[in-house]
Amino acid sequence: MPAKATTSQPQGFAYGALLLGWLIPGAGHFLTRHWTRGAILFASITAMFAIGLAANGHLYAPNTHNIIEFLAFFGDLGAGGLFIVAKLLGFGNTVVSIVSADYGTMFAVVAGLLNIIAAVDAHNLRIGRKS
């Protein structure tokens, strides 16, 4: 009879890496002790979001009736704490009227989407689905 493989379940809240990774880019990977990956994700996502704001990018609001703008809001919201702090400080309220502002808007949206992917990756590391 073959030996039964045992898998150890992580102790504590299994969604901690997911939530922390969403709130602070790369923090979910720090929680799972993947220091280099967490540092790279923190630096790249934060830089993309900051470049987007520096290029006068627009951050979308949730009260829109256009599906494209709602999806862009979801992308912005994916940046977690970066989006929350930027909105509280009044950044991203510009009207996109030049090409660089349009690029800046997309930088912020893509930074949020990348952060969502990174948070899910940290969750998969935490629950043992990935090593």
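Reader: What does the secondary structure of the protein chain come to?

Author: In this predicted model, the protein chain has six helices and zero strands. Read along the sequence, the pattern is α-α-α-α-α-α.

Reader: And what does the C-alpha trace span along its principal axes?

Author: The C-alpha trace spans about 70 × 30 × 25 Å.

Reader: How much of the chain counts as buried?

Author: Of its 131 residues, 34% count as buried. The chain exposes about 8100 Å², and carbon and sulfur atoms supply 70% of that area.

Reader: What about contacts between residues at least 6 apart in sequence: what share joins residues at least 24 apart?

Author: Among those contacts, 72% join residues at least 24 apart. An example of two residues separated along the sequence is Pro25 and Val120, which are 95 residues apart in sequence and 11 Å apart in space, C-alpha to C-alpha.

Reader: Where is Pro25, then?

Author: Pro25 is in the loop between α1, residues 16-23, and α2.

Reader: Buried or exposed? Why does Pro25 count that way?

Author: Pro25 counts as buried because its relative accessibility is 2%, and the cut-off for buried is under 20%. Leaving aside neighbours within four places in sequence, Pro25 is in contact with Leu41, Phe42, Ile45, Thr46, Ala79, Leu82 and Asn115.

Reader: Let us turn to α3. How many residues has it, and how far does it reach?

Author: Helix α3 covers residues 35-54, which is 20 residues. From its first C-alpha to its last it reaches 28 Å, close to the 28 Å expected at 1.5 Å a residue.

Reader: Which residues of α3 are buried?

Author: In α3 the buried residues are Gly38, Leu41, Ile45, Met48, Phe49 and Gly52. They cover an arc of only 115° around the axis, so they lie on the same side of α3.

Reader: Why would residues three or four places apart point the same way?

Author: An α-helix has 3.6 residues a turn, so residues at that spacing point the same way.

Reader: Which residues are exposed on the other side of α3?

Author: Thr36, Ile40 and Ala54 are exposed there.

Reader: And what covers the buried residues of α3?

Author: The cover includes α2 (27-31), α5 (81-88) and α6 (99-127).

Reader: Now the loop between α2 and α3. Which residue there has a positive phi?

Author: Arg33, which is found in that loop, has a phi near 65°, a positive value in a residue other than glycine. Arg33 is exposed, because its relative accessible area is 64%.

Reader: What about Thr32: buried or exposed?

Author: Thr32 lies in the loop between α2 and α3 as well, and at 15% relative accessibility Thr32 counts as buried. Leaving aside neighbours within four places in sequence, Thr32 is in contact with Ala17, Ala122, Leu125 and Arg126.

Reader: What comes just after α3?

Author: Just after α3, Asn56 takes a positive phi of about 60°. Asn56 is placed in the loop between α3 and α4, the latter being residues 67-77. Asn56 counts as partly exposed because its relative accessibility is 40%.

Reader: One last topic: how many positive and negative side chains are there, and how far apart do the centres of the two sets lie?

Author: The protein chain has 7 positive and 4 negative side chains, and the centres of the two sets lie 24 Å apart.

Note on methods: Residues numbered from 1 in each chain as written. Predicted model: local features only at pLDDT ≥ 70, side-chain atom pairs only at ≥ 80, totals over all residues. Heavy atoms only, no water. Helix = DSSP H or I, 4+ residues; strand = E, 2+ residues; numbered from the N terminus. Buried < 20%, exposed > 50% of the residue type's maximum accessible area, 1.4 Å probe, protein only. Contact = heavy atoms within 4.5 Å. Areas by Shrake-Rupley, 256 points an atom, 1.4 Å probe, with all protein chains shown as cover. Lys, Arg positive; Asp, Glu negative; His and termini not counted. Charge placed at Lys NZ, Arg CZ, Asp CG, Glu CD. Expected span 1.5 Å × (residues − 1). Arc of directions from axis to C-beta.
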